[in-house]
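Trainee: I would like a close look at one part of this model. Please take me through the part and its surroundings.

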Amino acid sequence: MGALPVFRWRLAPDGYATRRQLRARGLRPGGQDVAAQLERPRRRRGPLVAYLYRVDLAKPVRPMTPARWAALAKANTARRTCPQCRRDAGYVIPPSLGTCVPCAHPDPAESLRSC
Ligand SMILES: [Zn+2]
């Protein structure tokens with residue numbers, strides 16, 4: 001300690017995050033040492049210090065196994081499948097529409113062409 005770079009509170013460089021910020025992204029420090037610290041001066045007391053970790057060295061909280069990836073892919077496919085035409089829309093079906101966009105808004109140009 002002591003040789004750590006110290007940054008002012010709102011001037012943390014990119015690529016560093018506090019433990020809490022890592023956690024919000026599903027990451028954990030993963031055994032790395034504190035890479036830098038943030039200091040926020042406070043009146044009368046010592047500065048408030050937050051420790052920063054390097055995002056590129058952080059590890060996922062729970063490593064993904066092939067089974068977990070498969071389950072995730074399956075869930076995503078289900079969310080992308082239009083209940084009306086049963087096609088994979090290629091994006092998550094918006095709850096506001098309930099179907100894929102072509103089902104919800106048939107293309108007027110398309111219907112004109114078929115006339
Ligand atoms: Zn559809």
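Trainee: Does Arg44 count as buried or exposed, and how many C-beta neighbours does it have inside 10 Å?

Mentor: Arg44 counts as exposed, because 4 C-beta neighbours lie inside 10 Å. The cut-offs are these: a residue is buried with 20 or more other C-beta atoms within 10 Å of its own, exposed with 12 or fewer, and partly exposed in between, with C-beta atoms placed from the backbone.

First, the ground rules. This is a predicted model, where local features need pLDDT of at least 70 and side-chain atom pairs count only at pLDDT 80 or more, while totals for chains, interfaces and linings use all residues. Residues are numbered from 1 along each chain as its sequence is written. The pLDDT is the predictor's confidence in each residue, from 0 to 100. The protein has a mean pLDDT of 87, and 91% of its residues reach 70 or more. Elements are DSSP runs numbered from the N terminus: helices are H or I with at least four residues, strands are E with at least two.

Now back to Arg44. Arg44 sits in the loop between strand 4 (36–40) and strand 5 (48–54). Its phi is positive, about 70°, although Arg44 is not a glycine. Arg86 also has a positive phi, near 60°, and is not a glycine either. Arg86 lies in the loop between helix 2 (66–80) and helix 3 (101–104). With 8 other C-beta atoms within 10 Å, Arg86 is exposed.

Strand 4 and strand 5 run antiparallel and are joined by five bridges. Two strands pair if DSSP finds at least two bridges between them. Strand pairing in a sheet goes through backbone hydrogen bonds, parallel or antiparallel. Arg40 stands opposite Leu48 in strand 5.

Both strands belong to an open sheet of four strands, with the order 1-4-5-2 and mixed pairing. Strand 1 (6–8) and strand 2 stand at the edges with a single partner strand each, so one side of each has no neighbour in the sheet. Direction ignored, neighbouring strands of this sheet are turned by 40° against each other on average. The axes behind that angle are lines fitted to C-alpha atoms, for helices over the stretch in contact, and angles run from 0 to 180 degrees between N-to-C directions.

Strand 1 runs parallel to strand 4, joined by three bridges. Val6 has Gln37 as its bridge partner in strand 4, and Arg8 has Glu39.

The largest nonpolar core holds seven residues: Tyr16, Ala17, Leu22, Leu38, Leu52, Tyr53 and Ala58. Such a core is a set of buried Ala, Val, Leu, Ile, Met, Phe, Trp, Tyr and Cys residues joined through C-beta atoms within 7 Å. Strand 2 and strand 5 are the elements that give two or more residues to this core. Contact means that two C-beta atoms, placed from the backbone, lie within 7 Å. Beyond neighbours within four places in sequence, Tyr53 contacts several residues, including Tyr16, Leu22, Pro29, Val34 and Ala58.

Arg54 lies in strand 5. Arg54 is partly exposed because 17 other C-beta atoms lie within 10 Å. Leaving out residues up to four places away in sequence, Arg54 touches Gly15, Tyr16, Gln32 and Ala35. Ala12 is in the loop between strand 1 and strand 2. Ala12 counts as partly exposed because it has 17 C-beta neighbours inside 10 Å. With residues up to four places away not counted, Ala12 touches Phe7, Leu38 and Leu52.

Last, the wider setting. The domain assignment gives domain 1 (6–60) and domain 2 (66–113); such bounds come from an automatic or database assignment. The C-alpha centres of domain 1 and domain 2 are 40 Å apart. Arg54 and Ala78 are 24 residues apart along the chain, and 36 Å separate their C-alpha atoms.
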